[in-house]
Amino acid sequence: MTQASVAENRQSSWWHQNQQQITPWLFLAPGILFFLFYVIFPIFQSFNLSLYEWDGLGKAEYVGLYNYEELYWDEAFYTSLKNNVVWLVLYLLAIPAGLFIALFLNQTVTGIRLYKSLFFFPFVISQVVVGLVFTWFYDPTFGIINVLLGSVGLPPINVLGDENWVTVGIIVAGLWPQTAYCMILYLTGLNAVDPEQIEAGRLDGAKSWRMLWYIIVPQLRPATFIAFVVTIIGALRSFDLISVMTNGGPFGASRVLSFYMFEVALSEYGFRMGYGAAIAVVLFLIMLAFIAYFLWSMYKEERAR
Amino acid sequence: MFPTPIERSPRSWQITYQAFLPLALILWLLPLIAVAIFSIKPDTDFANANYWGWPSEFKGFTNYWLVFTASDMPKYLLNSFKITIPTVIGAVALSCMTGFALGIYKFRANIWIFFMFVAGNFVPFQILMVPVRDLTLQLGLYNTITGLVLFHVAFQTGFCTLFMRNFIRALPFELIEAARVEGISEWRIFWFVVLPLMKPAIAALAVLMFTFIWNDYFWAIVLTQGVESQPVTAGITSFNAQYRAAYHLMSAGSIVAALPPVAMFFLMQRHFIAGLTLGAVK
């Protein structure tokens with residue numbers, strides 16, 4: 001045997017022995033690198049940036065916690081924060097609404113599959129388009145809401161121009177696709193419900209509401225969990241609808257943190273990257289509470305396996 | 001089955017249900033029906049305040065023709081495809097690999113790397129906005145399709161990894177053990193044993209990603225500007241600014257912008273729904 005082939009042999013046997021330790025890292029490397037540079041590092045960079053005053057072009061100036069102090073006194077920040085809470089609470093209505101529609105459609109009649117997919121339709125459409133259509137519905141001069149109100153003799157309301165109604169109006173538009181999403185989650189979940197338990201419940205004389213609450217809903221737990229996750233994330237990320245429907249107005253009444261942040265950092269109101277980052281950090285910390293809870297639930301499930 | 005199957009209920013309720021279904025559907029899809037009708041109306045209908053009534057004449061062809069010939073819509077549509085397709089391929093490819101690594105191998109950092117991907121995927125993306133925009137600027141990729149694609153691939157890898165890893169976990173592990181006993185190398189196990197079994201997951205993810213990326217608006221306005229690189233979601237807003245109060249054209253434009261993901265959904269419905277439920281609800 002020549003020298004070279006001995007060396008090659010040794011090398012291949014080293015590879016052979018260790019390949020199960022090394023292979024996963026080779027497979028992970030590109031994904032992790034991408035993710036680190038575009039997602040993980042930027043989170044820390046934002047934390048750091050929130051301690052600076054920076055216009056995005058010139059030199060950044062270290063200002064310590066000044067941005068946060070300014071936030072503390074900023075009226076617009078509290079409006080946004082309040083609207084975020086409203087979004088979170090009202091957006092969760094998509095979950096019971098989705099369950100209700102799923103129960104309504106959970107039958108086997110001719111063409112029901114087509115009905116199910118058509119009910120799901122709104123979710124596939126861009127929020128930009130959804131926002132546009134709802135803006136027309138709400139329009140104070142020709143909107144269908146006011147046409148209907150007028151036909152029963154009520155005065156018109158300008159939903160998107162009224163500081164008290166604007167956020168609710170936008171959330172209703174957002175609930176439309178989100179309900180469709182929850183519906184599909186529950187429809188899939190309902191397929192997996194154990195028929196024997198339902199029969200047993202029927203024999204015990206459980207009527208519809210009690211049956212739903214004590215027998216069906218507990219079995220839908222996995223679907224409910226995902227519905228919660230996607231709805232909460234959706235509520236905190238809400239941006240498209242606000243941007244399209246009101247652009248934060250009237251007088252900033254429909255801002256949420258994610259929109260206010262964008263406005264401060266990138267719109268004509270000035271390029272205050274540091275201040276924007278501080279707002280994003282606050283939003284992130286709110287989200288972190290939920291992320292921690294989601295991960296904890298997943299971790300428990302992993303251990304139970 | 002819950003609620004009580006309709007076949008077992010009284011005849012009168014069966015008829016009520018059957019009649020109620022299409023009514024409920026029309027009510028539910030009212031916003032869409034409205035845009036569809038708007039898009040075939042002549043502009044005189046809007047001048048005559050005939051907003052919600054029947055179109056006075058069919059102008060569908062004219063309106064859609066105008067959208068395609070007199071505006072930047074075709075360019076925006078093309079951009080959307082140029083952004084969406086590479087992103088889907090990139091994110092699915094990367095996550096097949098990460099999902100394989102995290103789903104098959106047992107090592108100490110496994111769960112932490114997995115959680116990093118999951119947590120990163122849940123992050124409100126505004127916290128990434130300023131640094132990512134800055135990074136894209138420094139790479140010289142601001143206002144390019146490449147810049148947008150690179151970010152989308154990276155961010156979507158989080159969600160895709162979650163999905164792929166769970167899917168691979170559910171595969172029969174004996175297959176891999178048998179292959180190892182045969183002395184097949186790990187790389188070949190990935191390529192010849194696991195990858196063929198992942199086809200349904202790949203299909204599901206691809207359809208879902210297509211819709212997500214196509215409908216993205218936030219990153220489109222943060223990382224691009226102008227007709228040379230913006231996708232159709234961002235394009236539709238400038239289109240609307242151009243045709244303000246031309247409701248028939250705005251509607252036709254919106255429908256054109258919404259059509260590709262809708263077509264995708266109807267063609268690949270089963271995969272789409274499997275993807276949405278994260279494979280967790282079986």
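Trainee: Which domains does the domain assignment give for chain A?
Mentor: Domain 1 (3-49) and domain 2 (73-304), with bounds from an automatic or database domain assignment. This is a predicted model, where local features need pLDDT of at least 70, side-chain atom pairs count only at pLDDT 80 or more, and totals for chains, interfaces and linings use all residues. Residues are numbered from 1 along each chain as its sequence is written, while chains are lettered from A and ligands numbered from 1 in the order in which they are written.

Trainee: How far apart are the C-alpha centres of those two domains of chain A?
Mentor: They lie 40 Å apart.

Trainee: And what is chain B divided into?
Mentor: Chain B has domain 1 (6-63) and domain 2 (69-276). Their C-alpha centres lie 33 Å apart.

Trainee: How many residues are in contact between the domains of chain B?
Mentor: In chain B, 10 residues of domain 1 are in contact with eight residues of domain 2; contact means C-beta atoms, placed from the backbone, within 7 Å.

Trainee: Which helices supply the domain 1 side there?
Mentor: Helix 2 (30-38) and helix 3 (43-47) of chain B each supply at least two residues. Helix 2 of chain B gives the most, with three residues. Helices are DSSP runs (H or I, at least four residues), numbered from the N terminus.

Trainee: Switching topic, what is the mean pLDDT of chain B?
Mentor: The mean is 86, and 98% of the residues of chain B reach 70 or more. pLDDT is the predictor's confidence in each residue, from 0 to 100.

Trainee: What does the model score for ipTM and pTM?
Mentor: ipTM is 0.87 and pTM is 0.88.

Definitions and conventions
Contact = placed C-beta atoms within 7 Å.
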